[in-house]
Amino acid sequence: EDGIKEIIQDIKKQKITGCNITVPFKKKIIPFLDTLSFEAEKTQSVNTIIFEKGNLIGHNTDIAGFDKAIKALKFNMKDKKILILGAGGVVPSIIFALKEMNVLEITISNRTRQKAENLKILFKNLNVVEWGNLPEFDVIINATSLGLNNEKINLNFSNVTKNKLFYDVIYNPAETSFLREAKELGNKTENGAAMFIYQASEAFKLWHGMEPEVNFETLKLLKND
């Protein structure tokens, strides 16, 4: 809490245009802000702050980041069954974006089940399954930290049919064991590099009133190609 107060004081004292907020402060920062954007309010998640006319305003650009990343894949999410691994961090933003894409259903699986159940306070029509269960899905999203240090997600995907989309919010390493196994099984894979860049682009637009161009060369830098 003291760290958050220091961030707020620095922004106001130095009249900084704004800043990005990351895990684990996306929710903790909210009580210290003057107001929230519609998306930040609905997800109770803030990743971007702007300082405007003496007020600190919390925004959520993760939603647009994920939406644009999926559109760049040219993957149609409408009427798809989605399985999300994890329940913290960026998950509320992903759920919000998925609902706007008119997916058929969203199922959450988290090692601590109650954390997944808590998401039902923010969103209706969510399914929650025990960690280790793999219900039928068209798209699976790893939103856990598993994979950052080449950790393996202890789930058996061998019976999953081909041509599913395996998406990992992690972008470093560029190919986690989760994505590597999915590719070996004949599925489409994507990491979180594009989402990271697109959310940053949205934040820049909020701070400076202009949207920077995002091109494939930029994405290649993060993908280590």
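A helix here is a DSSP run of H or I, at least four residues long, numbered from the N terminus. On that basis, α7 is followed by G209, a residue with a positive phi, near 75°. I'll come back to that helix after the overall picture. What you have on screen is a predicted model.

The protein has eight helices and ten strands. Along the principal axes, the C-alpha trace spans about 55 × 40 × 35 Å.

Next, burial and contacts. Of the 225 residues, 48% are buried. If we take contacts between residues at least 6 apart in sequence, 57% of them join residues at least 24 apart.

Now the surface. The accessible area is about 12,000 Å², and carbon and sulfur atoms account for 48% of that area. On charge, there are 30 positive and 28 negative, and their mean positions lie 2 Å apart.

Back to α7. This helix covers residues 193-208, which is 16 residues. From first C-alpha to last, α7 reaches 23 Å, close to the 22 Å expected at 1.5 Å a residue. Which residues of α7 are buried? They are A193, A194, M195, I197, Y198, Q199, S201, E202 and A203. As background, an α-helix has 3.6 residues a turn, so residues three or four places apart point the same way. The buried set in α7 includes Q199, S201 and E202 along with M195 and I197. After the helix comes G209, with the positive phi I started with.

Definitions and conventions
Residues are numbered from 1 along each chain as its sequence is written. This is a predicted model: local features need pLDDT of at least 70, side-chain atom pairs count only at pLDDT 80 or more; totals for chains, interfaces and linings use all residues. Side-chain values use heavy atoms; hydrogens and water are left out. Helices (H or I, at least four residues) and strands (E, at least two) are DSSP runs, numbered from the N terminus. Buried means under 20% relative accessible area, exposed over 50%, partly exposed in between (1.4 Å probe, protein chains only). Contact means heavy atoms within 4.5 Å. Accessible areas come from the Shrake-Rupley method with a 1.4 Å probe; for residues, only the protein chains shown count as cover. Lys and Arg count as positive and Asp and Glu as negative; His and the chain ends are not counted. The place of a charge is taken as NZ of Lys, CZ of Arg, CG of Asp or CD of Glu. The expected span of a helix is 1.5 Å times one less than its number of residues.
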